[in-house]
Amino acid sequence: MKKTFTILGLFTVAALSAQNLLTNDSFESDFSDWSAGPNTAYTAPDVVSGDAQDGDKNVMYSAATATTGFYQSVPVTAGETYEISFWYKASGDETDARLWSIFRDADGAAVYTTDDASTDGFRTNNEYLAPASEWQFYTAEMPAGTGAVSLEVATRVYTGGTASFDNFAAGIAGTMSVSDVNDFGSQIQMNTVVTNQLTLKL
């Protein structure tokens, strides 16, 4: 009688995800941890259930009646390069919405990363989000200048504009973490069976 082995292996793939400094980044807890502003005249977006880029919820300004926006402040280390990414939809006149983020020092003063603030990639003075009726991914990265201690991850939507946002991330560019990795050896089971088959269970 010929004996072979059946190998049953349960593998967990290493889940790689950016070190996201934001909380409630996909608005599944509604608008908690975010704020309208930083201008006090700004209003909070509507939380919308359904049609999210991922999960159940996203946020939306519909036909904004004035310049508005929202933000969340996260701690940073001067000298490190940070990346912001998110998904968005925007109405079609090409001046409706944009990223409007900024580093700040301990006194709350702006810390620009370029001599000309209009070329600061997080400020995007010269770049609006391209109109998109379907979810689009946007990302930008900039170094934290001397004295920077925080980063306001912020958006702006302009009068008459309609824009939706979902799944924000902000963190040191290129950082990755490994989660949910099970020990390979403890997951392998080897049993002697009478068969001519080799079974791999993934």
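These questions and answers go through a sheet and some ring pairs in a predicted model.

Residues are numbered from 1 along each chain as its sequence is written, and side-chain values use heavy atoms, with hydrogens and water left out. Local features need pLDDT of at least 70 and side-chain atom pairs count only at pLDDT 80 or more, while totals for chains, interfaces and linings use all residues.

User: How many bridges join β7 to β11?
Analyst: Strand β7 covers residues 81–90 and runs antiparallel to β11. Within this pairing, T81 stands opposite P143 in β11. The number of bridges is nine.

User: Is A78 buried, partly exposed or exposed?
Analyst: A78 lies in the loop between β6 (68–75) and β7. Buried means under 20% relative accessible area and exposed over 50%, with partly exposed in between (1.4 Å probe, protein chains only). The relative accessibility of A78 is 38%, so A78 counts as partly exposed.

User: What kind of aromatic pair do W34 and F168 form?
Analyst: Rings of Phe, Tyr and Trp (its six-membered ring) pair if their centres lie within 6.5 Å; planes under 30 degrees apart count as stacked, over 60 as edge-to-face and the rest as tilted. For W34 and F168 the distance is 5.2 Å centre to centre, with 55° between the planes. The pair is therefore tilted.

User: Is W34 buried or exposed?
Analyst: W34 lies in the loop between β2 (15–18) and β3 (35–36), 134 residues apart from F168 in strand β13 (residues 163–172). The relative accessibility of W34 is 6%, so W34 counts as buried.

User: How far apart in sequence are the parts tied together by F70 and F165?
Analyst: The ring centres of F70 and F165 are 5.6 Å apart and their planes stand at 75°, so this pair is edge-to-face. F70 is buried at 0% relative accessible area, and F165 is buried at 1%. F70 lies in strand β6 and F165 in strand β13, so the parts tied together are separated in sequence by 95 residues.

Terms used:
Two strands pair if DSSP finds at least two bridges between them. Helices (H or I, at least four residues) and strands (E, at least two) are DSSP runs, numbered from the N terminus.
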